[in-house]
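Morning, everyone. I have one model to show today, so please look at the screen.

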Amino acid sequence: EETVVQFRNSSSEELIGNGEHILIVDEESLLQDIAVQILTTLGYTVDAVCSGELAIAFIQKTPVDLIVMDMLMEPGMNGRQSYEEIIKLYPEQKAVIVSGFSESDDVKAVLRLGAGGFIKKPYSFEQLGRVVREVLHT
């Protein structure tokens, strides 16, 4: 309920997507679900996977406009390793990095590699909507 109120109060037109395809990469299914709900509500086409390996397999078959990727995923590849592999396939791949921690060395490395934005968990409806839109339109 809170989200709806927050959404109405924010200048929601600024946050609305145009059906762009976004892939959520997060090992925590609850956080995946929240991100999917937020971005679907904002008008994006959204898929979700729970690991970097699955993200790479997904985009090999289905390129996406933007990846929203968690930095820390256990076991397996972390966000930096996953993004390094993804940009070998799609050098221009847009991404938003998500982390419960402030900008770590890995986060900074991924931003240098070309990810367009960073958002700290926990994030609000508006924060996620804003960073996604900014990165898609730069």
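First, the ground rules. This is a predicted model, where local features need pLDDT of at least 70 and side-chain atom pairs count only at pLDDT 80 or more, while totals for chains, interfaces and linings use all residues. Residues are numbered from 1 along each chain as its sequence is written, and side-chain values use heavy atoms, with hydrogens and water left out.

On confidence: pLDDT is the predictor's confidence in each residue, from 0 to 100. The average for the protein is 89, and 91% of the residues score at least 70. Residues 1–9 have a pLDDT below 50, and beyond near neighbours in sequence this stretch has 6 contacts in the model, a contact being heavy atoms within 4.5 Å.

Now the sheet. Helices (H or I, at least four residues) and strands (E, at least two) are DSSP runs, numbered from the N terminus. Five strands form an open sheet in the order S2-S1-S3-S4-S5, with parallel pairing; two strands pair if DSSP finds at least two bridges between them. S2 (45–49) and S5 (117–120) are at the edges with a single partner strand each, so one side of each has no neighbour in the sheet. On average, neighbouring strands are turned by 20° against each other, direction ignored.

Further in, S3 pairs with S4 (residues 94–99) in the parallel sense over 5 bridges. Ile-67 has Ala-95 in S4 as its bridge partner.

Helix H2 (residues 29–41) touches S1, S2 and S3, and its direction makes about 170° with that of S2. Helix H3 (residues 52–61) also touches S1, S2 and S3, at about 160° to the direction of S1. Axes here are lines fitted to C-alpha atoms, for helices over the stretch in contact, and angles run from 0 to 180 degrees between N-to-C directions.

Next, the peptide bonds. Glu-74 and Pro-75 are joined by a cis peptide bond, omega about -20°, and Pro-75 sits in the loop between S3 and helix H4 (79–89). The bond from Lys-121 to Pro-122 is cis as well, with omega near -10°; Pro-122 is in the loop between S5 and helix H6 (125–136).

Last, which residues line the largest cavity? The lining includes Ile-24, Asp-26, Ala-35, Met-69, Lys-121 and Tyr-123. A lining residue has an atom within 4 Å of a point of the cavity, which on a 1 Å grid over the protein atoms alone is a set of points where a 1.4 Å probe fits but cannot get out. S3 gives the largest share of the lining, 3 residues.

Conventions: On a 1 Å grid over the protein atoms alone, a cavity is a set of points where a 1.4 Å probe fits but cannot get out, and a pocket is an open set with protein on both sides within 12 Å along at least five of seven lines; lining residues have an atom within 4 Å of a point.
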